[in-house]
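Please keep the sequence and the 3D view open as you read.

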Amino acid sequence: MEYNITVLRGDGIGPEVIDQAVLVLNTLGARQGITFNFREEMMGGCAIDAYGEPLPLSTLETCKKSDAVLLGAVGGPKWEGLPGDKTPEAGLLGIRSGLGLYANLRPAIIYDELKEASPLKNSVIKDNIDILVVRELTGGIYFGDRGRLNRGTNTEEAYDTEKYSVAEIERIARLAFKAAYGRRGIVTSVDKANVLESSKLWREVVIRVSKEYPEIRLKHLYVDNASMQLIRDPHQFDVIVTSNLFGDILSDEASMITGSIGMLPSASVGGGTLGLYEPIHGSAPDIAGQDIANPIATILSAAMMLRYSFNQNAAAELVESAVKKVLAKGYRTKDISSEGFKTVGTKEMGKLIASEIKAV
Ligand code: NAD
C-alpha cells in the first residue's frame with residue numbers, strides 16, 4: 001500500500017507537532033508494510049512570507065492531487081492585522097472549500113487516564129466519554145446572504161441568512177449515520193426545529209435519510225437542550241450531527257469537557273476519500289520553539305486520516321492504542337501533566353508513541 005500525503009506544517013508549534021505525527025506514521029508504515037510519501041507545501045503565515053498569500057495555488061493543486069492532507073496550525077501575531085482575505089486563517093477557509101470538504105468530524109474523548117483534566121466532576125464522568133461531532137461545514141448561516149441596511153443611520157439593521165438545501169442535509173446526514181456504524185450506533189441530530197424553518201427541513205430530511213440505516217438509532221434535540229445535556233450527561237451522546245453554526249459552538253463545548261486542547265484531533269472530509277486532518281488547537285505562539293507542545297492531537301489526526309481517507313482501521317487503532325499506553329505509563333506533556341506524572345517534551349512524546357507501535 002502506498003499513500004501520498006501533502007504536509008502543511010504551518011506556523012508556531014505546527015512544524016513541531018507535525019514532525020512527531022510524521023515520525024509515528026513512518027514507524028507504523030515500516031511495521032505494517034505501508035509506504036507514506038510526504039510532500040511539504042506552505043500554507044498560512046509561512047506562505048504569506050514566502051509567496052505573499054496564505055494559500056498559494058500550487059499548494060492547493062498539490063493537495064488536490066494527494067490522498068490526504070495533514071496540517072499543523074497556522075497564524076500568529078506576526079500576521080495579525082492583515083486584510084481579511086490575506087490572513088493565515090483565510091488560507092484555512094480557502095483550503096476547505098477548495099477541496100470540497102463539507103463535513104467536519106471532531107471526536108471528543110475523555111480517556112480514563114486523563115479524567116482529572118476534565119472540568120466536569122468525576123461523578124458526571126463515570127466511564128470513558130467518546131463523542132463524535134459531525135458538523136456541516138460549507139453551508140448554513142456562514143455562507144448565506146448577509147448585509148447591512150441603512151448604514152450609519154439610527155435605523156441601521158444587519159442580517160445573516162441560514163439556508164440549507166435537501167442535498168446538503170442528505171449528504172451530511174448520510175456521513176453521520178455511516179460514522180455511527182462501528183461505534184455505539186446512536187445519532188443525535190441537533191436543530192432548532194421548534195422555531196427555524198431551515199431546522200424543520202433539517203429534521204424532515206434527517207428522518208428520511210435515517211430509514212436507509214435501520215440499525216442506527218436516531219434521536220433529536222433542540223440546540224439549547226443539547227448544550228445543557230452535554231454538560232449534564234455526556235455519556236448519552238455517540239454521534240452528533242448538526243449545522244455549521246450549531247456545530248461550531250457544540251464542538252467547542254464538547255472539546256472543553258475533555259479539558260485538554262492538545263489532545264483533540266479533527267478531520268474535514270467531502271464526497272470522496274480526500275480529507276484534511278489537523279489538531280483543533282492553533283499555532284500556540286506562546287509556546288512555539290520550546291519543545292513543550294503536546295503532539296498527541298496531531299498524532300490522533302493522523303490516525304483519523306488512516307481511518308477515513310485510507311480505510312486502514314486496524315492501523316488507526318494501533319496508533320490510538322499506542323497513545324493510550326503511553327498515557328497509562330504516566331507520561332504527559334506539560335499541558336496535561338501534574339504531580340506524580342513523568343513530564344516529557346514534544347519530541348520525547350512522539351518517540352514514546354512510536355516505540356509503542358514498534359513494540360506491538
Ligand atoms: P491556540 O490553540 O493556539 O492556543 C490556546 C492555548 O492553548 C495557548 O495557551 C497554547 O499554548 C495552548 N495550546 C494550544 N495547543 C497546544 C498544544 N498542542 N500543546 C500544549 N498547549 C497548547 O489558540 P490561540 O492562542 O487563540 O491562537 C493562536 C494562533 O493560532 C492565532 O493566530 C489563531 O488565529 C491561530 N489558530 C489557528 C488555528 C488553525 O490553524 N486551525 C486554530 C485556532 C487558532
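The report below goes from the whole chain to a few single residues.

## About the model

Please note that this is a predicted model, in which local features need pLDDT of at least 70 and side-chain atom pairs count only at pLDDT 80 or more, while totals for chains, interfaces and linings use all residues. Residues are numbered from 1 along each chain as its sequence is written, and side-chain values use heavy atoms, with hydrogens and water left out.

## The chain as a whole

The chain is built with 11 helices and 14 strands; helices (H or I, at least four residues) and strands (E, at least two) are DSSP runs, numbered from the N terminus. Its radius of gyration is 20 Å, close to the 21 Å that the globule rule gives for 360 residues, so the chain is as compact as a globular protein of that length. That radius is taken over C-alpha atoms, and the rule is 2.2 Å times the number of residues to the power 0.38. Along the principal axes, the C-alpha atoms fill a box of roughly 60 × 50 × 40 Å.

How much of the chain is buried? Of its 360 residues, 53% count as buried, where buried means under 20% relative accessible area, exposed over 50%, and partly exposed in between (1.4 Å probe, protein chains only). Among contacts with a separation of 6 or more, 75% join residues 24 or more positions apart; a contact means heavy atoms within 4.5 Å.

## Surface and charge

The accessible surface of the chain comes to about 15,900 Å², and 52% of this belongs to carbon and sulfur atoms. Such areas come from the Shrake-Rupley method with a 1.4 Å probe; for residues, only the protein chains shown count as cover.

The chain has 40 positive and 46 negative charges, and their mean positions are 4 Å apart. Lys and Arg count as positive and Asp and Glu as negative, with His and the chain ends not counted. Each charge is placed at NZ of Lys, CZ of Arg, CG of Asp or CD of Glu.

## Two asparagines with positive phi

Asn-150 has a phi near 50 degrees, a positive value in a residue other than glycine. You will find Asn-150 in the loop between strand E6 (146-149) and strand E7 (157-160), where its relative accessible area of 41% makes it partly exposed.

For Asn-311, phi is near 55 degrees, again a positive value in a residue other than glycine. This residue sits in the loop between helix H9 (296-308) and helix H10 (313-328), and Asn-311 counts as exposed at 61% relative accessibility.

## Cysteines

How many disulfides does a search of the whole structure find? The search gives 0, with a disulfide being a pair of cysteine sulfur atoms within 2.5 Å. Cys-46 is in no disulfide, as its nearest cysteine sulfur, that of Cys-63, is 12 Å away. Cys-63 itself counts as buried, at 0% relative accessibility.

Thr-87 belongs to the loop between strand E3 (68-73) and helix H4 (88-98), and counts as buried at 16% relative accessibility. Leaving aside residues up to four places away in sequence, Thr-87 touches Ile-48, Pro-54 and Leu-82.

Ile-109 is part of strand E4 (residues 103-110) and is partly exposed, at 27%. With residues up to four places away in sequence not counted, Ile-109 touches Ile-129, Asp-130, Thr-258 and Leu-264. Ile-109 and Ser-255 lie 146 residues apart in sequence, yet 7.9 Å apart in space, C-alpha to C-alpha.
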